[in-house]
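Good morning, and thank you for coming.

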Amino acid sequence: MQQVLNGLTLGSIYGLVALGLTLVYGILHVPNFAHGALYMVGAYVSYVIMVDFGANYWLAMLGAAGAVALLAVLCERLVFNPLRDAPPIHDKIAAIGIMLFLEALVQMHWGAEFRRMPTPYTGIVEFAGLTLPAQRILIIVGAFSLMAVLHLFLKKTLTGSTIVAMAQNREGAFLVGIDANRVAMMTFAISGVLAAVGATLFAPINLVYPAMGHLLIMKAFVIIILGGMGSIPGAIVGGLIIGFAEAFGGFYISTDYKDIIAFALLVVILSIKPTGLFTKGVR
Amino acid sequence: MNALHKISDFFMTPAMKIVMILAALLFPFVASNEYQIYVMALAFVWAIAVYGMNIITGLCGQLNLAHGGFFAIGAYTLAILTVDHGWAFWWAFVAAGIAGALLGFLAGVVSLRLKEHYFAIFTLCVGFIIYLLIDKWEELTHGALGIINIPAPSGFGLVDFTETTPFYYLALVFMVLSIWLAARIANSLLGRSFRAIRISDELAASLGINLMRNKVLAFVLSTTYASVAGALYAGMVRFIGPAEADVVHTFDMITFLLVGGIGTLMGPLFGTLAITWLTQSLQFLEEYRMIVFGPLLVVLVIFFPRGVVGTFLTWRGRRLAAAHETAQKESASEKKSQTKKAVTPRNQEAGNHA
């Protein structure tokens, strides 16, 4: 039962990060390798706001979300927009360039050491014989409510539906007068917000360091391959699958190899079924 | 034709090869200290790996992000066989190449069923699995401690490769062989098939090119290059750790490749040497080099996607085309004036007759 909780916690964070990635992929067909770096910057911004300015946890989350959204939009404007017509290999290399730059910058400014992020929610909730750390509950509730808000935004608002429209059919979206630049910037901003919130939620039970985004971004990529690139429910379901696989695998098999499980799962699934679990048209 | 053009023409002549090889042979005599020779030898070793990357990424167009992992596989195969099992260096060296090819084949058969982004992401994961295995599988790889006291390449009693200068020449020989092989591949039917695949999968398939077989072959070639380079690296540095499999090395190699010119023959060498020496002269940047290289990568793909060598070739190609055009025009106008001249006497003659 404890493992179910762990799996749910991991899964919801993976889902959040994968959601940002999948949104950007759906619109621009750019696999944004810099997404993990955005996540890492988000964690640092909220760390700074909380520790150096002594602000409240929620305020820090808000600040981080704003800062990372701005950074993501900047990346879109300066890098991905000029590369719109370039061969796909260029987008990937540029994204890697951004990632390396952000990581080196953070490392230069804050050093490579591990930092612990404080949180106001340190309590433990006892429920039906289970010990539930408050922060984990916060992660699960926070992540799923953010997913719900995003879902409502995409389905119920006009701005949201322009994003969906563009993901579905680019030319069609242009025909009905959707501004591609605006949608691209907005998508990047949303992915930045998702990454920053995910980082602020997850960092207190993990640690903050420059390479913290590496593993996460790779797992997020595994998730969106499993769930289908550009598919929103796929990202959430995929996140939960990987989260549970890691929680149970780490418990029953070996904690040493816990991080390999996601990748091994990917290799096994793609060897048997190269189109992914829920995808259409990987090949 | 000005001096710049003459120099650029010289770069394309076969004599340039001899000049470059001579320069490389003489380098240890002009180098001011042993460290410079060491850096150069290390750059040659990396260049071999970058040539491998050029085959799968530059020629065949598949961004392979597991390249650093295969470099580490070569290094670890050599280290484990020589240190733990007492193999002779050169047998272990051959085994390292075979291990790179075999594992590359296995990884390639699975990963090349995927296209473009999926392939890049998948290989990123493969690279990470290699890293984690090296880091965690302590019985085999000594885990985070790494492997120390790796023997240097044996010189059969003739040369001592623990010295820097002999190793420099060894690395040079291997690098020249690698470039020669890469050139042979690039200009063969195989290389042309790879390029057709880069331009379009469908087009290549419709020309009767077996996509899977060619892609796997390109991948195996590239991983073999990487693991041979890794084995040489282990023989040179003589201690290795899990950090060799770090994805940062893959990104370094992408930088080398991109600066030099992706898909060109001399690009990998030029990029590797240029960036290695740039990093050396900016020693203080060692740890933070990515602050410079990150934006450099972005600027390169936006403005100079073909790298230094590629940009040079494009520039030269344009100039030659322009020169050809003016030459054609000139000869055309000459012909015109000639026909005019030819006509005039006849007119005069006609006039005389008239």
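This is a predicted model: local features need pLDDT of at least 70, side-chain atom pairs count only at pLDDT 80 or more; totals for chains, interfaces and linings use all residues.

**Where the two chains meet**

The contact between the chains draws 36 residues from chain A and 32 residues from chain B; two residues are in contact if their C-beta atoms, placed from the backbone, lie within 7 Å. On the side of chain A that touches chain B, α4 (88-110), α9 (212-227) and α11 (258-272) each supply at least two residues. Helices here are DSSP runs of H or I with at least four residues, strands are runs of E with at least two, and both are numbered from the N terminus. The largest share of that side of chain A, 15 residues, comes from α4(A). By residue type, the side of chain A that touches chain B divides into 28 nonpolar, 3 polar and 5 charged. In this count Ala, Val, Leu, Ile, Met, Phe, Trp, Tyr, Cys and Pro are nonpolar, Asp, Glu, Lys and Arg are charged, and the others, Gly among them, are polar.

Residues are numbered from 1 along each chain as its sequence is written, and chains are lettered from A and ligands numbered from 1 in the order in which they are written.

**Chain A**

Chain A has 11 helices and 2 strands. Along the sequence they follow the pattern α-α-α-α-β-β-α-α-α-α-α-α-α. The radius of gyration of chain A is 18 Å, close to the 19 Å that the globule rule gives for 283 residues, so chain A is as compact as a globular protein of that length. That radius is taken over C-alpha atoms, and the globule rule is 2.2 Å times the number of residues to the power 0.38. Along the principal axes, the C-alpha atoms of chain A fill a box of roughly 55 × 50 × 35 Å.

Of the 283 residues of chain A, 53% count as buried. A residue is buried if 20 or more other C-beta atoms lie within 10 Å of its own, exposed if 12 or fewer, and partly exposed in between, with C-beta atoms placed from the backbone. Among contacts in chain A with a separation of 6 or more, 73% are between residues 24 or more positions apart.

Let us turn to helix α8 (residues 180-202) of chain A. Its 23 residues should span 33 Å at 1.5 Å a residue, and its end C-alpha atoms are 33 Å apart, which agrees. The expected span is 1.5 Å times one less than the number of residues. Since 18 of the 23 residues of α8(A) are buried, this helix is largely enclosed by the rest of the structure.

Is A:W58 buried or exposed? A:W58 lies in helix α3 (residues 57-80) of chain A, and it counts as exposed because it has 11 C-beta neighbours inside 10 Å. A:N169, in the loop between α6 (158-168) and α7 (170-175) of chain A, also has 11 C-beta neighbours inside 10 Å and therefore counts as exposed.

**Chain B**

The secondary structure of chain B comes to 15 helices and 0 strands. Of its 354 residues, 44% count as buried. An automatic or database domain assignment gives the domain bounds: chain B is divided into domain 1 (16-305) and domain 2 (310-354). The centres of these two domains, taken over C-alpha atoms, are separated by 51 Å.

Helix α11 (residues 211-237) of chain B has 27 residues and reaches 38 Å from its first C-alpha to its last, close to the 39 Å expected at 1.5 Å a residue. α11(B) is mostly covered, with 21 of its 27 residues buried. Just after α11(B), B:R238 takes a positive phi of about 70°. B:R238 sits in the loop between α11 and α12 (247-260) of chain B and is partly exposed, with 15 other C-beta atoms within 10 Å.

**The nonpolar core**

Which residues have the most contacts inside the largest nonpolar core? They are A:V17, A:V68, A:I98, A:V222, B:C125 and B:A229, in a core of 207 residues. Such a core is a set of buried Ala, Val, Leu, Ile, Met, Phe, Trp, Tyr and Cys residues joined through C-beta atoms within 7 Å. Its largest share, 16 residues, comes from helix α3 (residues 34-59) of chain B. Leaving aside neighbours within four places in sequence, A:V68 is in contact with residues including A:L38, A:V41, A:G192 and A:A196.
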